[in-house]
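Subject: A structure for you to explore

Hi there,

Here is the structure I promised to pass on to you. Have a look at it first, and then read my notes below.

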Amino acid sequence: MSQDGKIEAEVRLTGILSLGALQPGEVRKYGTTIAPGLYAPVHQHFFVARMDMAVDCKPGEAYNQVVEVNIKVEEPGEVNVHNNAFYAEEKLLRCELEAMRDCDPLSARHWIVRNTRNVNRTGQLTGFKLVPGRNCLPLAGTEAKFLRRAAFLRHNLWVTPYAHDEMYPGGEFPNQNPRVGEGLATWVKQNRSLEENDIVLWYVFGVTHIPRLEDWPVMPVDHIGFMLMPHGFFNCSPAVDVPPSSCDSDVKDNGNGNENGNGVVVTKPLQNALLAKL
């Protein structure tokens, strides 16, 4: 968590590649030849972050909702004479089946969890937004067997109301799936309301790894993740109200310092008008 209120989640990938053997002169289209007689298959890694949001809620309160934000290009016309206007369009995700969503970098898509009862100084609902990072979807056919156990990979975002027994996106026993009542893809069929509720975000993020020669013998660290960012949660940037550090004090140097008569260092008073107002 940083001083401006952002919460960044990061996964770092490293290790030794899974390898296959090659006959002399053989080349495999499903991988990269990384050493004589060795190839590393193209593959994917996926992770799921389960986040019980409770944005701006006191214990026991459940006043959250989720909106999706997409950037739209204004149609040419009187309000867009230069053909360069665009705006952010919001859509309320009212129920679980509406909230099975995918990333779209072309529209700068992101999602905001808002408190429906609390507002900031401009009258807007307080919230935190989920900003996707680098991502992908499973590169497999719809009938792939692993998607029966990991059906949650079909979308980058799922939203459910909190339930104490819904903890794992693939269910408690994913190797035995599909089972009745197990996993995200089953839970959302209830199509429960997401309006003024205790919202749980399930963000699925992954990377498609095409091995390089530089990944052998030990792969350098790769990074993927996402960010939670305040959106109208504060009335201004919280980073401008950080107390001064000890380095901002006038320290005695060669007998010339800002001291009182008792030799005690006196710190500078805050002069910035904005900080004084805050």
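In strand β8, Ile-112 stands opposite Val-67. Please keep in mind that this is a predicted model.

β8 and β9 form a hairpin with 5 residues between them. In that turn, Gly-123 has a positive phi of about 85°.

Is β8 enclosed or open? It is largely enclosed by the rest of the structure, because 7 of its 10 residues (110–119) are buried.

**The nonpolar cores**

The largest nonpolar core has 24 residues. Those touching the most other members are Met-51, Val-66, Leu-130, Val-159, Leu-201 and Phe-226. The elements giving two or more residues to this core are β5 (43–52), β8, β9, β10 (157–161), β11 (199–209) and β12 (219–230). With 5 residues, β11 supplies the largest share.

Which residues does Val-66 contact, leaving aside its neighbours within four places in sequence? They are Lys-91, Leu-92, Leu-93, Trp-111, Ile-112, Val-113, Val-159, Ile-199 and Leu-201. Another core, of 12 residues, lies apart from the largest one, and Ala-150, Trp-158, Val-188 and Val-204 are among its members.

**The chain as a whole**

Stepping back, the protein chain has 3 helices and 12 strands. Of its 278 residues, 33% are buried. Among contacts between residues at least 6 apart in sequence, 68% join residues at least 24 apart. The accessible surface of the chain comes to about 17300 Å², and carbon and sulfur atoms account for 53% of it.

The mean pLDDT of the chain is 89, with 87% of residues reaching 70 or more. Over residues 251–257, however, pLDDT stays under 50, and the model has 4 contacts for this stretch beyond four places in sequence. Where pLDDT is low, the predicted coordinates should not be read in detail.

Happy exploring, and do write back with your questions!

Best wishes

Terms used
Residues numbered from 1 in each chain as written. Predicted model: local features only at pLDDT ≥ 70, side-chain atom pairs only at ≥ 80, totals over all residues. Heavy atoms only, no water. Buried < 20%, exposed > 50% of the residue type's maximum accessible area, 1.4 Å probe, protein only. Helix = DSSP H or I, 4+ residues; strand = E, 2+ residues; numbered from the N terminus. Pairing = 2+ DSSP bridges. Contact = heavy atoms within 4.5 Å. Areas by Shrake-Rupley, 256 points an atom, 1.4 Å probe, with all protein chains shown as cover. Core = buried A, V, L, I, M, F, W, Y, C linked by side-chain atoms within 4.5 Å. pLDDT = per-residue confidence, 0-100.
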